[in-house]
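Hi there,

Here is the structure I promised to pass on. Have a look at it first, and then read my notes below.

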Amino acid sequence: MDSQFLVSLVIILCTFALYIGIAVFNTAKQTSDFYVAGRGVPPIFNGMAIGADWMSAASFIGMAGTIMLLGYDGLAYIMGWTGGYLFLTILLAPQLRKFGRFTVPEFIGDRFNSKAALKIAAICTIIISFTYSIGQLSGSGVVIGRLFEIDAKIGTLIGVVLIAFYAAFGGMKGITWTQVAQYVILIIAYLVPVIFMSLQLTSNPIPWISYGEIVTKMGELDRELGISEYFAPFTNGTKWQFLALMFTLMCGTAGLPHVIVRFYTVGTMKAARWSGAWALVFIGLLYFSAPAYAAFARFILLTEVAGKKIAELPSWTQSWIDTGKLGIADTNGDGILQWAELTIANDIVVMATPEIANLGIFVIGLVAAGAMAAALSTAGGLMISISSSFAHDIYYRIINPQASERKRLLIGRISIVVATLLAGLIALNPPGAITQIVAWAFAIATGTFFPALVLGVWWKRANAKGTMAGMLVGLAVTLLYIFSAKYGGFTILGIIDTGAGIFGAIAAFATNIIVSLSTRAPSQELQDAVINLRYPEQMIYKDGEVYLNEGSSKDIKN
Amino acid sequence: MKKIDKEVADAYFREKNRYMFVYFALWFLVSYVMVAFADSLTEIQFLGFPFHYFMGAFGALFTFIVLLFVNAIVGDKIDKKYGIDDERNKEIGSKNMIDH
């Protein structure tokens, strides 16, 4: 055991103790607390919790590496994973808040007054959250694998146990405040190495816009090496792929059940608007830094690692080769490592760069703790989504409406354990890089919930049949496109698996509108409920008239 | 409960939608339009970056954040203009929850 291992482990354990301490302090006692944390969270803190929920292993561990390898084309992830907050905060969250239901399936079930629609939505929630959690487990495998210098597969197994235990006993009330703590840890862990690298390379401690010269300089280095320039657009895919991926990530953001459920924890439509704005500030701190991280990492690899004698490579290389994610092959046998002979997986760039840049054992340990916070916090939110969809939407509302609260909590916990184990099995042999797996979850959300929610909130004529048909067609088209693009090599306009959501969304919108219009309109009561969402809580739409609720509680109609 | 003129209520909705339209127009401009013209922006330098790269890595996200705060502030202003009392909203909101 070297000192790096000890320091990393101690930092990880301390942060864990902090999260668990907060979770135990707030142990969820009632179901309403377990799922939505009692709705008393102020917007700034709710923004941080949304940020922690949002920034998963994909953002923390995977994104900078993806940008490093794709150059400009990787920036679709930066714009896509943030631009969706406008959809979410302006088009959906306040309206869903006014409608006042716990989860997305519940909104869909009650908005369309259909148990079948609720069932389909619950199944979609489970598929989306499940796909997403595969990426998280795969991320925790990278971190734990490096920590113990073991294969990432065994790391994944350890991650499964941790996440199952953590999510099953937290509940969301624990998780809201735990996630505020997790946000703080993960953002510090991300910013410290970027700031240090920025100081090393540009003597400017503020990385966000200081790395322009590095980007430009890398373009020159690339030209000398005869590879395509780092910042040149569309070298790794077509412009259509870039646009489709960005669209998929944006709409997926607005359709992700575990993110939307966060907005039920705020008190009002106004608080929902502010929570969304704060969330994007906190998320932005990491997203502004990721392209800088990517640029610095690539610059260091280009100038300090490539061109070295293989026999003289520093010790960090061996620990990463052990995880199976770094490859060094002296193909031309000259004993020197050329740029082309270095293969580095997207998923290890963030974790490996502090070591490559020699930032010291505390920084490296801190990054490991931050990465675990990112993977755990999102996995926690995802597992709550899966358990509430199963225990609440499917089991309680459909299978056994007489179930006691205790029984429902138990079913919820069992579903968390089962889902984590299954996702862990798939993550043992991850079907793609973390960002890619997570992008599939977004594509499915884009093809199913985004059209259903947007039409459900903004179009009173949308009915149950149209929405169910839309979700099913969107799901089928998206899954079909992902599989045929990934395994069958089938593409349209060069759009690959990660951009599949655009086709799902088009199909779902069209199906929803056509089927809704050719079947009976929803009842007047449901249509009124949709018009009611145009106004703040105090304004109530009833029988074609709008009323202002000014006081006395007997007026409150619910 | 006081009845509000349908015209006033419609004006509230229209005013919010007008702003929403502006936000999404700007959102579209800084993301999709910039990407669509990325090839022709590579030669322009901005703060040391090629301009298309700057927009993707910084400019678009920065605009999104500003738009969301503008939306929150303007939303509050519109509510106030139409006499919406946030305390009252909170009270209604806290009761607007289905029992389980």
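Please keep in mind that this is a predicted model. In β1(B), B:Lys2 is the bridge partner of A:Leu548, and B:Lys3 is the bridge partner of A:Tyr547. These pairs belong to β1(B) and strand β4 (residues 545-548) of chain A, which run antiparallel and are joined by three bridges.

β4(A) also pairs within its own chain. Four bridges connect it to strand β3 (residues 539-542) of chain A, and these two strands run antiparallel. One of the pairs is A:Met539 with A:Leu548, and A:Leu548 is also the residue whose partner in β1(B) is B:Lys2. β3(A) and β4(A) make a hairpin with two residues between them. If you look at the turn, you will find A:Asp543 with a positive phi of about 45°.

Which residues of β4(A) sit on its covered face, and which on its uncovered one? A:Val546 and A:Leu548 are on the covered face, while A:Glu545 and A:Tyr547 are on the uncovered face.

Now for the interface as a whole. Contacts between the chains involve 53 residues of chain B and 55 residues of chain A. On the chain B side, at least two residues each come from β1 (2-4), α1 (6-36), α2 (38-41), β3 (49-50), α3 (51-81) and α4 (86-95). The largest share, 17 residues, is supplied by α3(B). Sorted by class, the side of chain B that touches chain A has 30 nonpolar, twelve polar and eleven charged residues.

Helix α4 (residues 57-70) and helix α5 (residues 75-99) of chain A pack with their axes 8 Å apart, at an angle of about 140°. Because of that angle, α4(A) counts as oblique to α5(A); an angle would have to be over 145 degrees to count as roughly antiparallel. On the α4(A) side, the contact is made by A:Ser59, A:Met63, A:Thr66 and A:Ile67. A:Leu75, A:Tyr77 and A:Trp81 make it on the α5(A) side. By class, this contact has five nonpolar residues, two polar ones and no charged ones.

Happy browsing, and write back whenever you like.

Best wishes

Note on methods:
Residues numbered from 1 in each chain as written. Chains lettered and ligands numbered in written order. Predicted model: local features only at pLDDT ≥ 70, side-chain atom pairs only at ≥ 80, totals over all residues. Contact = placed C-beta atoms within 7 Å. Nonpolar A, V, L, I, M, F, W, Y, C, P; charged D, E, K, R; others polar. Pairing = 2+ DSSP bridges. Axes fitted to C-alpha atoms, helices over the stretch in contact; angles between N-to-C directions. Parallel < 35°, antiparallel > 145°, perpendicular 65-115°, else oblique. Buried ≥ 20, exposed ≤ 12 C-beta atoms within 10 Å, placed from the backbone.
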